[in-house]
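Please keep the sequence and the coordinates at hand while reading.

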Amino acid sequence: MSFYDIYQSYREFDFAGFFAGLTDQDITRIIYKNRLSELDYLALLSPAAESHLEEMAQRAHRLTVQHFGKVIFLYTPLYLANYCVNRCVYCGFAAHNQIPRRKLTLAEVEEEAKLIAATGLKHLLILTGESRQHSPVSYMKDCLEVLKKYFSSISIEVYPLTEEEYAELIAAGVDGMTMYQEVYNPEVYAELHPAGPKRNYLFRLDAPERACRAGMRTIGLGALLGLNDWRTEAFFTGLHANYLQSRYTDVEVSISPPRMRPHVGGFPPRVTVSDKNLVQYILAYRLFMPRGGITVSTRESEELRNRLVKLGVTRMSAASCTAVGGRSHAEGGTNQFDIADERDVPAMVQMLYQQGYQPVFKDWQLL
Amino acid sequence: MKDIFKIGGRELTSRLFLGTGKYSTNKIVPQVMEAAGSQVVTVALRRVDIDFEEENILNYVPQGCVLMPNTSGARNAQEAIRIARLAKAAGCGNWVKIEVISDNRYLLPDNYETIKATEVLAAEGFMVFPYISPDLMVAKELEKVGAAAVMPLGAPIGSNRGLKTKELIRILIEEISLPVIVDAGIGRPSEAAEAMEMGAAAVLVNTAVATADDPVMMARAFGLAVAAGRAAFLAGPGATQQYAVASSPLTGFLR
């Protein structure tokens, strides 16, 4: 059994027909249910639910405060390398893009770590381009030895690994992993990933489960919004989270709803996902998974992120930089994508306190 | 009569323990503690940031209060033990609340792993306060391995659903000699009072205070309710009857 079996069980499902059959009464009833089924979640992602967003928001807010309190966890990404062997049509780091490639030396890793640590942040997400040759697991482990001195929790967002490799990184100090499936629809996935190991849809889809089996503490999932119909992609992301949470009860599962941003290469989003759509996704997920984490990155604008604080979000990135070595050497690095919220950590802290929320810099201790 | 609660080598006048999670700012913690009259505060070690003065929750724990670090985040006994040792090494004292949770949907405690962690830590000299699902055999085992108290849940953490496990907690109070501290689920001061009336030694509250519109006022209400419930317990409530006792008994003529 893998999540692919769950995905397959919906292959013939008539999404349009299901959406068309929903009434306002159905939506209201679902909003106040104690536990939502998979189809209840889908109903909250429907066009019919769009006229119930305020009701959903009130309930999502109450559930979030009840389970998480008035706190937002802050973390920041650190790009270790941008070498990539894939040709994903939508990514600035794709192999065919003519950009300067580099990976940080261990001295540079330390330099970046010191700059981030000085802001007080204790949770770090390390990223590499997808190249086993340039960013092997051994390189990640070397970097971890440096980073562990500065951070209490380190997560990875790298190419899919084997279960043994995840276990190796956990032993080296990693406690979280994020894996964006990008697109759950296999046909669209094949179109958007014309060459490179990332074409292997199933190996990527099952990566979070391999990480769970290896003993990872936290798992983050997501579809890149803009590549395919957002309602079904949001649905499968939620189902994937629910699948993992049900089988690996000790793992903290969270989702992220990233929307496409401008990047080198200029592939335009195939589907427009409005702010309203994004909010509906977040609210529906919160009602479906009351204890699930929801991460919103600096891809989103300052104004929108401020407003999302009270709508179910539990984690936010701060003072992000998507270029390799971009913190210590601002000139020359190519961003994977352009960030929209450029606030530094003190500005984020101030915003959260103004909204009556506590910024949490540390939420786990490497053991 | 002064009602002193002796536990873990300390003498306490308040039987309300408070948590520190979920507040919009750490700065409110001292006000909440003072309003409640509480002397014991639990802190998740996972959130203690010793390097960052301004955000370090330990800096907001009032002088004279007993600090009870908890092992929130631990998924098994081994992790709980390591967190407890880290807390001690960080100068958090020798009280520790064992939380071992391997269920992220309902956050129910893993009693089996909790017993294992308690045994090891009690042998190392910790005052161990294990958070458990109320189960008599588990409580007896914890008593045997050296726990300082048992902390059964009234309802799942953060649910504010009240004393859903009341009958099981009652059995623990009746059957074991350790103090029973009701932890988790209490949502209203009246429920805290009810637990105290039943004979609980203390209650631990977090979400109900932290997520109230006015946490300081709610803390005060909980302090009063716990004191009232304790007084009622000490006063020995009159017996309850299923039927009214007639003022003109039917058998009075037999005297």
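Which residue stands opposite A:L221 in β5(A)? This is a predicted model, in which local features need pLDDT of at least 70 and side-chain atom pairs count only at pLDDT 80 or more, while totals for chains, interfaces and linings use all residues. Residues are numbered from 1 along each chain as its sequence is written, chains are lettered from A and ligands numbered from 1 in the order in which they are written, and side-chain values use heavy atoms, without hydrogens and water.

The residue opposite A:L221 is A:M179. Strand β4 of chain A (residues 174-182) pairs with β5(A) in the parallel sense over six bridges; strands are DSSP runs of E with at least two residues, helices runs of H or I with at least four, numbered from the N terminus, and pairing requires at least two DSSP bridges. β5(A) also pairs in the parallel sense with strand β6 of chain A (residues 252-255), over four bridges, and there A:I255 is the bridge partner of A:L221. Between β5(A) and β6(A) the chain passes through helix α12 (residues 230-247) of chain A in a right-handed β-α-β crossover (clockwise from the first strand over the helix to the second, with the strands pointing away from the viewer).

Six of the six residues of β5(A) (residues 218-223) are buried, that is, under 20% relative accessible area with a 1.4 Å probe and protein chains only. In a regular strand, side chains alternate between the two faces of the sheet. Accordingly, A:T218, A:G220 and A:G222 point one way, and A:I219, A:L221 and A:A223 the other.

Definitions and conventions:
Buried means under 20% relative accessible area, exposed over 50%, partly exposed in between (1.4 Å probe, protein chains only).
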